[in-house]
Amino acid sequence: MKLRTVLVNRMLTFAVGAALLGAGAFALAWVWQVRFAREWLARLDRPRIIDIPDQSWWEGALWTAVAVGVTIGTVLLAVNFSRRRTSRVQLYDEVTEATLAVELGPVADGVAGELAALPGVRATRSRAVVERHLPTLSVTVYADPNIDVADFTARAEETAERAARALGGARVATQVLLHLDPAHPESGGQG
C-alpha cells in the first residue's frame, strides 16, 4: 500500500474513532449523571431540535450528506483496492553513463521460471508489486508436500541474489511464498 493511502486511512480512522470515543464518553457521562453533561443537555432548546426535520433546508442537507458520503466511500474503496503496481526501476551504468528503465514484471516472471524448474515444484505465480513502500518481485510457489524445504530455500535465495545482481543494486525486494499442496494418504494405508 502506498504511504499516502496508509496516511489517509489512518487519519480517517483516527478522526472517526475519536468522534465515536467522544460521543461514547459523553453518553456515559450523561448516564452516570456527571454534572457538565447534564447541564449541557439542559441548555439545549428541545422544541427547536425536534423541529429541525421540518425545516426547508433539511432535505437538501440530507442529500448533500449522502452525496459526500458516497463520494468519500467510493474514493476510499478505489484507492484501497487499486493495484499496487510498480513503476519502472531506473538503473545507471557508470561505465557507459547510460540510464536504463526496467519493468519488474518480466523480472518476476524470470524468477518464477527459475523456481518452476526446481524438483517438486508444481506451479508458480509471479507479479511485481509495491510492498511496504518497496518495489517487490513477489513469487508464489506451489510444491509437492515432500519437497526438501531447506534445499528449496537455499535455491530460492540464490535466485533472489541473482535477480538483485541483475538489477544493479536497485532497491527491489524479492519475496518467495512457498505453498505446499496437501498430502494425500496413500491408497490402502491406515484409515
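Helices and strands are named here as DSSP runs, numbered from the N terminus, and contact means heavy atoms within 4.5 Å.

**View 1**
The model shown in every view is a predicted one. The C-alpha trace spans about 80 × 65 × 30 Å along its principal axes.

**View 2. The hairpin of strands E1 and E2.**
Strand E1 covers residues 89-93 and strand E2 covers residues 98-102; the two run antiparallel and are joined by five bridges. Within this pairing, Gln90 has Ala101 of E2 as its bridge partner. Four residues lie between the strands of the hairpin, where Glu97 takes a positive phi near 55°.

**View 3. The open sheet of strands E3, E4 and E5.**
Three strands form an open sheet in the order E3-E4-E5, and their pairing is mixed. Strand E3 (121-131) and strand E5 (173-180) stand at the edges with a single partner strand each, so one side of each is left without a neighbour in the sheet. On average, and with direction ignored, neighbouring strands of this sheet are turned by 20° against each other.

**View 4. The two pairings within the sheet, one antiparallel and one parallel.**
E3 and E4 run antiparallel and are joined by ten bridges, and in this pairing Val129 stands opposite Thr136 in E4. The hairpin of E3 and E4 has two residues between the strands, and Arg132 takes a positive phi near 55° there. Strand E4, which comprises residues 134-143, runs parallel to E5, and eight bridges join these two strands. Among the residues paired here is Val141, whose bridge partner in E5 is Leu178.

**View 5. Helices H5 and H6 on the sheet.**
Helix H5, made of residues 104-116, lies across E3, E4 and E5 and runs at about 155° to E3. Helix H6, made of residues 149-166, also packs on the sheet and touches E3, E4 and E5, while its direction makes about 155° with that of E5.

**View 6. The contact between helices H5 and H6.**
H5 and H6 pack with their axes 10 Å apart, at an angle of about 150°. Because angles over 145 degrees count as roughly antiparallel, the two helices are described as roughly antiparallel to each other. The crossing of H5 and H6 is right-handed. From H5, the residues Val111, Glu114 and Leu115 meet Phe152, Ala156, Thr159, Arg162 and Ala163 in H6. The residues of this contact divide into five nonpolar, one polar and two charged.

Conventions:
Residues numbered from 1 in each chain as written. Predicted model: local features only at pLDDT ≥ 70, side-chain atom pairs only at ≥ 80, totals over all residues. Heavy atoms only, no water. Pairing = 2+ DSSP bridges. Axes fitted to C-alpha atoms, helices over the stretch in contact; angles between N-to-C directions. Parallel < 35°, antiparallel > 145°, perpendicular 65-115°, else oblique. Left-handed = near helix turned anticlockwise from the far one by under 90°. Nonpolar A, V, L, I, M, F, W, Y, C, P; charged D, E, K, R; others polar.
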